[in-house]
Amino acid sequence: MDDDGVTIHSEGEDGFVPETKRNHTAFLSALFDSGVEYLQQYGWFILLGFLILLYIKTKLDPKIRKLKSKAEDISYQKKFDPDTTQRRLEAMERARMKLQEEHDAKAAMYAELQKQKEEEKRKQKIEEWENLQDGKGYRSKVKPKDESSESPGKLKPKPKLRQNDYNPLMGGGGPGYRPARRTGGG
């Protein structure tokens with residue numbers, strides 16, 4: 001006997017089947033028998049009901065499709081209603097105008113900066129011409145310091161010629177080995 005109080009015996013030479021297995025098989029066979037009996041009594045009614053449902057489905061299917069297409073048409077018309085479309089177009093036009101104004105403002109600022117740079121270059125050329133006339137030389141040997149340039153002690157690192165993972169013995173990266181053309185005679 002085990003913990004549940006059920007005696008478990010193994011099936012031996014005498015053909016003994018444990019009681020729990022006997023209960024399961026009896027339950028399953030009783031369930032199958034009742035299912036077969038139910039089908040014998042009501043099988044024609046079930047078949048007839050299934051056929052009626054199939055017939056109703058075939059008759060109602062076109063009507064259901066029509067209703068679905070109508071609903072889609074209504075949603076399409078709502079989506080492309082003339083008033084809604086007009087409002088959407090006006091909103092897009094306002095957004096375009098806003099972007100155009102921003103672009104025009106940036107272009108005006110850029111043009112102003114270009115004028116200032118040209119004016120500075122013109123003044124510098126006039127100053128160089130005056131220096132040349134005074135005998136001081138054509139151009140100054142000392143370059144003016146830019147605010148954007150960094151300290152002269154720090155140099156920018158040179159760009160690497162190849163990647164770190166490059167290995168010429170690995171092959172690839174080119175046409176590879178090509179044997180010489182075989183020509184006849186000479």
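The following conversation concerns a predicted model of a protein chain.

Biologist: What secondary structure does the protein chain have?
Modeller: The protein chain has 2 helices and 0 strands. This is a predicted model.

Biologist: And how many of the residues count as buried?
Modeller: Of the 186 residues in the protein chain, 1% count as buried.

Biologist: What is the accessible surface, then?
Modeller: For the protein chain it amounts to about 19500 Å². Carbon and sulfur atoms account for 58% of that surface.

Biologist: Which residues make the nonpolar surface patch?
Modeller: The patch of about 560 Å² is formed by Leu48, Ile52, Tyr55, Ile56, Leu60 and Ile64.

Biologist: Take Ile52. Where is its place?
Modeller: Ile52 lies in helix H1, which covers residues 19-79.

Biologist: Why does Ile52 count as partly exposed?
Modeller: Its relative accessibility is 44%, and partly exposed covers the range between under 20% for buried and over 50% for exposed.

Biologist: Changing topic: how many aromatic pairs does a search of the whole structure find?
Modeller: The search finds 1 aromatic pair. The rings belong to Tyr38 and Tyr42, with centres 5.0 Å apart and planes at 50°, so the pair is tilted.

Biologist: Why tilted?
Modeller: The angle of 50° between the planes of Tyr38 and Tyr42 falls in neither the stacked class, under 30 degrees, nor the edge-to-face class, over 60.

Biologist: How many residues apart are Tyr38 and Tyr42 in helix H1?
Modeller: They are 4 residues apart, which means a separation of about one helical turn.

Biologist: What are the relative accessible areas of Tyr38 and Tyr42?
Modeller: Tyr38 has 48% and is partly exposed; Tyr42 has 39% and is partly exposed too.

How values were computed
Residues are numbered from 1 along each chain as its sequence is written. This is a predicted model: local features need pLDDT of at least 70, side-chain atom pairs count only at pLDDT 80 or more; totals for chains, interfaces and linings use all residues. Side-chain values use heavy atoms; hydrogens and water are left out. Buried means under 20% relative accessible area, exposed over 50%, partly exposed in between (1.4 Å probe, protein chains only). Accessible areas come from the Shrake-Rupley method with a 1.4 Å probe; for residues, only the protein chains shown count as cover. Patches are made of residues with over 30% relative accessible area and no salt bridge: like charges are joined within 9 Å, nonpolar side chains (Val, Leu, Ile, Met, Phe, Trp, Tyr) within 5 Å. A salt bridge is a side-chain nitrogen of Lys or Arg within 4 Å of a carboxyl oxygen of Asp or Glu. Rings of Phe, Tyr and Trp (its six-membered ring) pair if their centres lie within 6.5 Å; planes under 30 degrees apart count as stacked, over 60 as edge-to-face and the rest as tilted.
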